[in-house]
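This briefing is intended for a reader working directly with the coordinates. The points are grouped by topic and follow the structure shown here.

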Amino acid sequence: DGTSCYLFIIIHLFFCLVTPALSIHAESVESEFSCEPIRLRMCQDLPYNTTFMPNLLNHYDQQTAALAMEPFHPMVNLVCSADLRMFLCALYAPVCTEYGRLSMPCRSICQRAKGECHKLMEVFGVAWPDDMECSRFPDCNKPYPRAEDLLTSSEPTDQSSKTVQRDYGFWCPRELKVDPDLGYTFMGKKDCSAPCPSMFFSQQELAFTRYFIGVISIVCLSSTLFTFLTFLIDVTRFRYPERPIIFYAVCYVMVSLVFFLGFLLEDRVACNAVSPSQFRASTITQGSHNKVCTLFFMVLYFFTMAGSVWWVILTITWFLAAVPKWGSEAIEKKALLFHAVAWGLPGALTVTLMALNKIEGDGISGVCFIGLYDIDALRWFVLAPLCFNVAVGISLLLVGIVALNRVRMEIPLEKENQAKLVKFMIRMGVFSVLYLIPLLTVIGCYIYEHTYRKIWETTWMEENCRSYHIPCPFKVERTSKPLMVLFLIKYVMMLVVGIPSVFWVGSKKTCFEWASFLHGRRRKDSGVNESRQVLQEQPDFAQSLLREPNTPVIRKSRGTSTQGTSTHASSTHLAALDDLEEPVRTHRHPASSRSKPSYHGSLRRTRDNRHTGTQFPWQHAPSRPPTLYSQQPASDRWPLEGRQPAGCFSGATHPHHSWHHVKRRPSRRKRRHQCLKNLGS
């Protein structure tokens, strides 16, 4: 029932993604306005003495409204119109009404004030604002305020006042406003950005988190870089199916490098600078206008998604090696397709996000990513790809492990091969667990952030609405703040997910290779990777199940050379039986025992004295003397493919001499000449 449990987890993740969004958007957003005493000097001694903010012209407080009214002071003092003062106060300090009613001046008052004062306004160089166009007001002929506007139950005070409910939602504070051409969006409002470095955490919490991220990024960078450098020391050691681990490590080298640079630069990249002259605070960077932030986003998002795809490709190669028993050469032929998918899909997503202008600065870690404040971008461009990759990878991983376990249980193998197969299964399982636990933790943190983001924003708005002079939220039923430890876990797991690559290369052989490299020595024969050898030496299912009980097992050996062009079927050659011993040369002819093998590099021996690699039919017959390539039967000949036959280099005997009577060994030049001559004939 692991499958049913797995399906339950997928369904739960789906509902976690969809249900919170539906419930959040179904909630109504209302604002609470408190009536406050009028403090504007121009609007004193009016029939009413209370107003509310923001006013009808979107001024956040009375101080801002007073600054906007200053150009009209000369006209009011000169009394160019009896209606001008009342009309201005009706807009800049409207009467605070009950039951949600909004009282606006009549159009006739506006027309009289504008008609009587426009000449004086031209003298003082003051233009009639567009927000005060008379066509915007109701067509009526009543004074302001109306009688029904003055029906109040009690006099307001500074601390407590009667309440007017209006659905204004979130108003962007003046301090968080940005230039309209930048295309910023914050909490659904355009030309607005979130405060930087964080709208939820204190400076002490941010400092601790940054240092912790910096330390983990150094650890991840060191481990993944060690994995990649180990591969560069011996590039033939890590072949498919384990080759994707190297590219996976390269991806997290770049990811950890970006986080380390973000730790060094702090919030200089993720935040916009303070502008006191424009009354603007430090805000989060959005879009692609910040080149360094854009570069951080491209590298971080691209290699994060590419690392996830390379893990899926790793499970695909394991599946191909374990279930249909593809050889290394056959899997390697699909390398171009693997690279196209692993680099192409993340590249397409990165370009799409740049075109949609979804880049956001992260004031906590100092990098730039997506989905930090935009819930839709988090859902479709982070959670959806990661969940899909996890689903596909786990499915293929389980199928491969089941297939290998069936091989171990049903097919008799030697004790040493049994131990190697079990060791390989343990390594594959441990590596997958070390990858999946951090990745699933990151996905869980993203789902938690996706679910509670709206509640956090409402709580932040309730706590800061008075300091920002914006409407406070109305009837807040639930308040909550994010936990710093969950954000810390998210960043740590984003880096820890790259560390398991070092456990795959960690072995005695790696230590020997580094020791040889540091001492200036290079191993000439790297041998066949043990895990790949175990996969390639598995007998075929059908042959093993149909064979007689006492029949010895004949194994298939997969070629590991990248120069061949055979497929996984044609590259399979019968190997020697396990009990095959070396032919005993006669003591009467010691010279023959010193002859070289018949073909360079075509015969490899593992530690248990079995032949691996490309093997030829004549290598299984010890009593048959080695002959030149031209004298071999047509069925035993190997295609040349641009190579010289073995007899031209390896010291085979002269064609006129037998195996037991070698008079004199010809020179190398003569042997090559004779070999080419026989080929020509």
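**Overall organisation**

In the protein chain, 74% of the contacts with a separation of 6 or more are between residues 24 or more positions apart. The model is predicted, and its secondary structure comes to 19 helices and 13 strands. Of the 681 residues in the protein chain, 48% count as buried. The chain exposes about 34700 Å², of which carbon and sulfur atoms supply 60%.

**Nonpolar cores**

- The largest nonpolar core has 107 residues, and the members with the most contacts inside it are Phe170, Phe186, Phe259, Tyr301, Tyr446 and Trp460.
- Helix 8 (residues 291-322) provides the largest share of this core, with 20 residues.
- Apart from this core lies another one of 36 residues, among them Met42, Leu88, Ile109 and Cys110.
- With neighbours within four places in sequence left aside, Trp460 is in contact with Phe170, Leu176, Phe186, Met187, Pro195, Met199, Phe200 and Tyr468.

**Helix 7 and its end**

- Helix 7 contains 22 residues and reaches 32 Å from its first C-alpha to its last, close to the 32 Å expected at 1.5 Å a residue.
- Leu264 lies in this helix, which covers residues 244-265.
- Leu264 has a relative accessible area of 44%, so this residue is classed as partly exposed.
- The C-alpha atoms of Leu264 and Ser365 are separated by 9.8 Å, although the two residues are 101 residues apart along the chain.

**Nonpolar surface patch**

- Leu225, Leu229, Leu232 and Val235 make a nonpolar surface patch of about 300 Å².
- Leu232 is found in helix 6, which covers residues 203-233.
- The relative accessible area of Leu232 is 45%, so this residue counts as partly exposed.
- In an α-helix there are 3.6 residues a turn, so residues three or four places apart point the same way.

**Salt bridges**

- The structure holds 12 salt bridges.
- Side chains of opposite charge can pair when their charged atoms come close.
- Asp131 and Arg136 meet through their side chains in a salt bridge, with an N to O distance of 3.7 Å. Asp131 counts as partly exposed because its relative accessibility is 43%.
- Asp374 and Lys358 form a salt bridge with an N to O distance of 2.9 Å between their side chains. This pair links distant parts of the chain, 16 residues apart: Asp374 is in the loop between strand 8 (368-369) and helix 11 (375-410), while Lys358 is in the loop between helix 10 (335-355) and strand 7 (360-361).
- Within that pair, Asp374 counts as buried because its relative accessibility is 19%, under the 20% limit for that class. Lys358, with a relative accessible area of 26%, is partly exposed.
- Lys481 and Glu463 also meet in a side-chain salt bridge, with an N to O distance of 3.4 Å. Lys481 lies in the loop between strand 9 (472-473) and helix 13 (484-496) and Glu463 in helix 12 (residues 415-468), so this pair ties together parts that are 18 residues apart in sequence.
- Glu463 is partly exposed, with a relative accessible area of 48%.
- A network of salt bridges links Glu449, Arg453 and Lys490.

Definitions and conventions. Residues numbered from 1 in each chain as written. Predicted model: local features only at pLDDT ≥ 70, side-chain atom pairs only at ≥ 80, totals over all residues. Heavy atoms only, no water. Helix = DSSP H or I, 4+ residues; strand = E, 2+ residues; numbered from the N terminus. Buried < 20%, exposed > 50% of the residue type's maximum accessible area, 1.4 Å probe, protein only. Core = buried A, V, L, I, M, F, W, Y, C linked by side-chain atoms within 4.5 Å. Contact = heavy atoms within 4.5 Å. Expected span 1.5 Å × (residues − 1). Areas by Shrake-Rupley, 256 points an atom, 1.4 Å probe, with all protein chains shown as cover. Patch = residues over 30% accessible without salt bridge, like charges linked within 9 Å, V, L, I, M, F, W, Y side chains within 5 Å. Salt bridge = Lys/Arg side-chain N within 4 Å of Asp/Glu carboxyl O.
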